[in-house]
Amino acid sequence: MRIRELLQLINHHIPFAKAEDWDNVGLLIGDKDKDITGILTTLDCTLEVVKEAAEKNCNTIIAHHPLIFSGIKRIENTGYGAVMHALIKNDINLIAMHTNLDAYNHGVSAMIADKIGMTNQQILLPGQQEMAKLQVFVPEAHADALKSALSEAGVGQIGDYSDCFFQLEGKGQFKPNEQANPFTGKRNKLEIVDELKLECVFQPERQAAVEEAVHAAHPYEEPAYDIYRYKVKDTFGTGIKGELEGSVVLKDWLPELKAKLGISTLKLIGDIEKEVRTIGIISGAGVSYGQDVKHHDIDLFLTGDIKYHEAHDLLMMGLTTADIEHYSENVMKEGLKELLESFTDELSIQASTVSTDPFTAI
């Protein structure tokens, strides 16, 4: 498989367009036409990770955190520049899956949830997705051909289902004028025709292709159709909500949580004697979502990078929270390996064994 095909595979399941506007995802360094010898998954791309990839004959690294965030004016062989030099010198491709992976319902928050044994998982803060709907009228005898052309243009995809159409029988009427060249009927004579109304949905960015398909496959000189936009609950969003198998007391359970996530520190904001079962997780730094999380009926909120004054804000709002470090996202190395293996069996994929935690707990 080539890098280009891998990117298409990832984009099909975890679209890069789901990333935040400020983010930098996709192929950051490399060649889309390169054949993949192996993939190494990692939280961060460091010099040690590049060395590990080279030793394991993995010419592709997929990192959660982007190595490059903003415009670069020079690349010197120091700091992050040294990592870029090492990647290029060893002919290693670097792909970033950051906030698009965070937003995925089996993404990093879900990987943390899996690690600590949570069940009944669902998106904590679902996003909204804009969709478009086509309504078109066509003679019954030409409906199948039109549906086929529309499916080729990308309409009718709903989750794991394709070719989704609704149709309703009816009668259409029209009167061609002197300049018309009607497919059926005569000029200056009212025509009444048995027609079907077809309805189908599509991604808004496909509208030009959809309209082109309507005009190409429809028998009428002037096909009648409408397109309108609407919003629906997305399958992508922020965080994960779920339950433990039974209630636990934080004083007894938090040391177990710390061990399962392999983190060196854990700080609780709230009552250590509290009994909890329903948990919300936003991987990385998710404290800015605190007010929204508060309204989703959870006993405990897990996130990282909480500042002093943010901790007081959480106390004031009564949201019991555990700071599980940003490095708790480290579980994504194995989690992403398993995800990619579920997408394809054509690739050799390994999880990095290098710790990229920048902190040493004393």
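**Close-up views of a predicted model**

At 0% relative accessibility, H64 counts as buried (buried means under 20% relative accessible area, exposed over 50%, partly exposed in between, with a 1.4 Å probe and protein chains only). This is a predicted model, where local features need pLDDT of at least 70, side-chain atom pairs count only at pLDDT 80 or more, and totals for chains, interfaces and linings use all residues. Residues are numbered from 1 along each chain as its sequence is written, and side-chain values use heavy atoms, with hydrogens and water left out.

**View 1. H64 sits in the loop between β3 (60-63) and α3 (79-89).** Helices (H or I, at least four residues) and strands (E, at least two) are DSSP runs, numbered from the N terminus. Contact means heavy atoms within 4.5 Å. Leaving out residues up to four places away in sequence, H64 touches T42, L43, M97, H98, L101, D102, V108, E329 and M332.

**View 2. I88 belongs to helix α3.** I88 counts as exposed, at 57% relative accessibility. G30 is 58 residues from I88 in sequence. The two C-alpha atoms are 7.6 Å apart in space.

**View 3. K18 lies in the loop between α1 (3-13) and β1 (26-29).** Its relative accessible area is 25%, so K18 is partly exposed. K18 touches T99, N100, A103, Q129, D234 and F236, residues up to four places away in sequence not being counted. S283 is 265 residues from K18 in sequence and 16 Å from K18 in space, C-alpha to C-alpha.

**View 4. T344 is found in the loop between α11 (332-343) and β13 (349-351).** T344 counts as buried because its relative accessibility is 10%. A polar atom of the T344 side chain lies 3.1 Å from the backbone nitrogen of E346. A polar contact is a pair of N or O atoms within 3.5 Å; within protein, one must be able to donate a hydrogen and the other to accept it, and residues adjacent in sequence count only if both atoms are side-chain atoms. Apart from neighbours within four places in sequence, T344 is in contact with M1 and L9.

**View 5. An open sheet of 8 strands has mixed pairing.** The strand order is β6-β7-β5-β8-β10-β11-β12-β9. β6 (166-174) and β9 (267-269) are the edge strands, each pairing on one side only. From one strand to the next, the twist averages 30 degrees. Axes are lines fitted to C-alpha atoms, for helices over the stretch in contact, and angles run from 0 to 180 degrees between N-to-C directions. Helix α8 (residues 250-261) packs on the sheet and touches β8 (225-249), β9, β10 and β11. The direction of α8 makes about 110 degrees with that of β8.

**View 6. Strands β10 (residues 275-281) and β11 (residues 300-303) run parallel.** The two are joined by 3 bridges. Two strands pair if DSSP finds at least two bridges between them. I279 stands opposite L300 in β11.

**Setting. The protein has 11 helices and 13 strands.** Its C-alpha atoms fill a box of roughly 90 × 50 × 40 Å, taken along the principal axes. Of the 362 residues, 48% are buried. Among contacts between residues at least 6 apart in sequence, 72% join residues at least 24 apart.
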